[in-house]
Amino acid sequence: MMAAALLEVEGVTKRFGGFTALDGVDFMVRTGERVGLIGPNGSGKSTLVNCIAGTLKNEEGSIRFEGEDICGHAAHRRIRMGLARSFQIPKPFASMSVLDNLRVPLLYAARKHEKLAAGRIVEEAMRILGEVGLAGRAHAMSGGLTQVDMRKLELARAMAAKPKLLISDEAMAGLSASEVDDVLALLYGLKAQGVAVIMIEHVMRAVMKFSERIAVLVAGRKIADGDPQVVVGNADVIKAYLGE
Amino acid sequence: MSNKVFAAVALAVALVLAAVTQLIPNDYFFTAAYTVLLFVILATAWNILGGYTGYVNFGSAAFFAIGAYTTVFLYNAFRAPLAAGIVAGTLVAGLAGLGLGYLTLRLRGVFFAIASLALAVVLYIFVVNWDYVGGARGAYVLQPREIPFGLPRYIHLIYAVQLVMAAFALVVARAIEHSTLGRGLAAIRDDELAAECSGVPTLKLKIFSTMVSCALMGMAGTTFPYYLSYIEPSSAFSLSYAVNSIAMPLIGGTMSWIGPLIGAILLGSVQQLVQVMFSLGAWNLLIVGVLLVLFVTLAPNGIMGWVDAWRRRKGR
């Protein structure tokens, strides 16, 4: 049986002046599903993420989350509904400790849809830090973390919002093979908790291993969407990546 | 320390200080202390938006003047007592802050700073041309002959009032800093987009902190017309308020409520000393400028930044 649709994107178009970054994109994610979103640089992946997360407004089309139209909602309302994203370039709250970074989404997002007693915030933050392997750095200032740790923090902060859908925007760029496996294990763990994941990634090994379904964006259009093995064999996809 | 305990302690300290210092025979002490306290309030208020939230307000003088001129207006219209001026001036400045926030906080960073500066200029011209509150001539506000609590002169009273108001401003700033709201403001300061994507309603929080910050600046100004019994636009809108309310938190440290307090006492006292000992009142802004340059280069996180770094080293 197919799980219910969690996120439904229909005919979304986004223009920057005369440039059409997204051109009538349809895209959907079911509850608890793992979806890979791939495409060459500049194909509109991040723009699509921004439209879904609410940091950009799409001109046309509709975006529904759990059946509710969220196009008019500000980003902070969307995350409170359970739609979290991590940033491609880590954006830590640099004046705060790693632990305090997680308190922000726990206080402002997770508490809005989940009962979380005030006294349990720190406990919960430490649990998430333990999961991503940052427990030892909890009291370090987040501005001084290494790039790898910053990426882990970025994921941890998105997880702290207790999302139903997590969009991971190139969380693995620049990581070593074993670190990629660590992050993959982490995202698999989310699946076990019933969290759907959209993975945007250039590390093909990770995407192929992780995704139940892959969608391909090229020049703002979706050219393929389906089983990973079938999609990477698709002639249009090969052409987009490798040329004629 | 909980907010209630801190509020009680702050109020008690203010009242004891007010009572004890009344024994000081030198009248000039009260004039000087009034000015320093005024800067404590302005610096604390500025820091709520500038330090906690990261939005630089260049228009502090405008909100200070809104407080002052609300007192003048109420005095002219109803001969209203000082207390009415304090309450009304705080509210009017808060409303003005709400308006400024609503109109400009959709813009980021430097645009807000420019808009706040523009507001100060617009209000200055408005007051200069508003005859009812004295226009460019200025207005007289007579100190009441009856002075409560058996105090010898009116300056003793407004000094004590300013002391209590400074305590109030510190209580508000500290309560915000330690609340969920304060954490949200800090997130906005560090990265506004990441804050919004962590569930922080950034626009609402920014408007709120602007409103509180501006209301407290207005409060600082409400006693000012009584200070010299005379007020005119160029003194109420003086550049010195705008500059000092930025410089004091930067020198003291912007991350906590203590920083602006230390900065204001330090800088305010130095300015008073220079004015009295060397009769160099005109040099005040120069001193501020030199100190600011020194601190920005040598201790970018202010005096409290030094203290924190020293504590961390010791703790290791």
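Predicted model: local features only at pLDDT ≥ 70, side-chain atom pairs only at ≥ 80, totals over all residues.
1. Let me start with the strands of chain A. Strand β1(A), residues 5-16, pairs with strand β2(A), residues 19-30, in the antiparallel sense, and 8 bridges link the two.

2. β1(A) and β2(A) make a hairpin with 2 residues between them. Gly17(A) sits in that turn and has a positive phi of about 60 degrees.

3. β1(A) also pairs with strand β4(A), residues 60-65, again in an antiparallel arrangement, here through 5 bridges. On this side, Val9(A) has Ile63(A) in β4(A) as its bridge partner.

4. Next, the domains of chain A. The domain assignment gives domain 1 as 1-82 + 163-244, while domain 2 is 92-162. Their C-alpha centres lie 24 Å apart. Where they touch, domain 1 of chain A contributes 14 residues and domain 2 of chain A contributes 15 residues.

5. Which elements give two or more residues to the domain 1 side of that contact? They are α2, β7 (165-169) and α6 (177-192) of chain A. The largest share, 5 residues, comes from α6(A). By class, this side of domain 1 has 7 nonpolar, 4 polar and 3 charged residues.

6. Now for the contact between the chains, which takes 22 residues from chain A and 17 residues from chain B. On the chain A side, α2 (75-81) and α3 (98-113) each supply at least two residues. The largest share of that side is from α3(A), with 7 residues. Sorted by class, the chain A side holds 13 nonpolar, 3 polar and 6 charged residues.

7. Finally, a helix pair in chain B. Helix α2(B), residues 27-53, packs against helix α13(B), residues 258-277, at an angle of about 145 degrees, and their axes are 8 Å apart. The crossing of α2(B) and α13(B) is right-handed.

8. As for the residues that meet there, α2(B) brings a set including Ala32(B), Val36(B), Phe39(B) and Asn47(B). From α13(B) come, among them, Gly259(B), Leu261(B), Ala264(B), Gly268(B) and Gln272(B). How many residues of this contact are nonpolar, polar and charged? The contact of α2(B) with α13(B) divides into 9 nonpolar, 8 polar and no charged residues.

Methods: Residues numbered from 1 in each chain as written. Chains lettered and ligands numbered in written order. Contact = placed C-beta atoms within 7 Å. Helix = DSSP H or I, 4+ residues; strand = E, 2+ residues; numbered from the N terminus. Nonpolar A, V, L, I, M, F, W, Y, C, P; charged D, E, K, R; others polar. Axes fitted to C-alpha atoms, helices over the stretch in contact; angles between N-to-C directions. Left-handed = near helix turned anticlockwise from the far one by under 90°. Domains from an automatic or database assignment. Pairing = 2+ DSSP bridges.
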